[in-house]
Amino acid sequence: GVRPPGPDATVILVDDKSLAALGRWPFSRRYFAEALKLLDAAGAKLVVFDVLFAEAERPVPADLQAAARTAAAALPPGSNPPLQSAPRRLADDDPDAQFAAAIRASGNVLLAFALATVGPTQSAPDYLSNAYAHFDTSPEKAAFTLAPVAAVAPIAPLATAAAGLGHVEVAYDSDGAVRYDYV
């Protein structure tokens with residue numbers, strides 16, 4: 001059941017009941033923003049998300065947002081307040097910005113990033129450059145057979161709002177099962 005956070009650590013999991021109540025996975029960033037506000041109100045000293053926020057949430061396509069912004073601007077001022085507010089709400093719908101604002105206001109959020117071992121080699125985003133300036137091949141044989149070729153990082157608005165980023169290591173057990181650990 002629902003309990004207030006404990007004094008040491010609280011782990012909040014996404015389970016079948018959560019999915020039934022909130023819908024699809026991944027959850028909207030709006031839910032993460034609201035959860036963060038509740039955790040702040042409860043006095044959380046540190047909030048760590050073990051979720052990769054590597055892609056933007058776009059509930060409304062950019063072209064539709066632009067059209068809504070144009071339509072809102074074309075309406076005569078004061079003509080019909082509900083009609084005026086609807087396209088503005090549509091144009092301003094940005095769950096990532098809402099979540100980034102909550103992260104920034106909290107000031108105690110760590111987000112996860114991972115290293116990709118397949119796909120094209122890519123430079124790390126600027127906000128990771130202090131830790132991973134670039135990926136290159138080494139003349140030495142790798143001790144770990146999966147060499148990273150790119151970073152799977154949170155989108156820039158979230159990463160720059162966070163207090164820090166934590167690397168999520170993907171390691172394979174001897175039976176081939178994936179094990180995730182923070183490093």
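K37 has a relative accessible area of 43%, and so counts as partly exposed; by the rule used here, buried stands for under 20%, exposed for over 50% and partly exposed for what lies in between, with a 1.4 Å probe and protein chains only. The model is predicted, so local features need pLDDT of at least 70 and side-chain atom pairs count only at pLDDT 80 or more, while totals for chains, interfaces and linings use all residues. Residues are numbered from 1 along each chain as its sequence is written, and side-chain values use heavy atoms, with hydrogens and water left out.

K37 forms a salt bridge with E34, at 3.6 Å from N to O; the term requires a side-chain nitrogen of Lys or Arg within 4 Å of a carboxyl oxygen of Asp or Glu. The two residues are three apart in helix α2, which means a separation of about one helical turn. E34 is also partly exposed, at 39% relative accessibility. Helices here are DSSP runs of H or I with at least four residues, numbered from the N terminus.

E34 and K37 are also among the α2 residues that meet α5. Which helices are these, and how do their axes cross? Helix α2 covers residues 29-41 and helix α5 residues 95-106; their axes come within 8 Å and cross at roughly 20 degrees. The pair is therefore roughly parallel, the label for angles under 35 degrees, with axes fitted to C-alpha atoms over the stretch in contact and angles running from 0 to 180 degrees between N-to-C directions. The crossing is left-handed, as the near helix is turned anticlockwise from the far one by less than a right angle.

On the α2 side, R29, R30, F32, A33, E34, L36, K37 and D40 take part, meeting P95, D96, Q98, F99, A102, I103 and S106 of α5, where contact means heavy atoms within 4.5 Å. These residues divide into seven nonpolar, two polar and six charged.

Turning to the charged pairs, four salt bridges are counted in the model. One of them joins the side chains of R29 and D96, at 2.5 Å from N to O. Because R29 lies in α2 and D96 in α5, this pair ties together parts that are 67 residues apart in sequence. R29 and D96 are both buried.

R30 is partly exposed, at 27% relative accessible area, whereas D93 counts as buried, at 19%.

Technical notes
Angles under 35 degrees count as roughly parallel, over 145 as roughly antiparallel, 65 to 115 as roughly perpendicular and the rest as oblique. Ala, Val, Leu, Ile, Met, Phe, Trp, Tyr, Cys and Pro count as nonpolar, Asp, Glu, Lys and Arg as charged, and the others, Gly among them, as polar.
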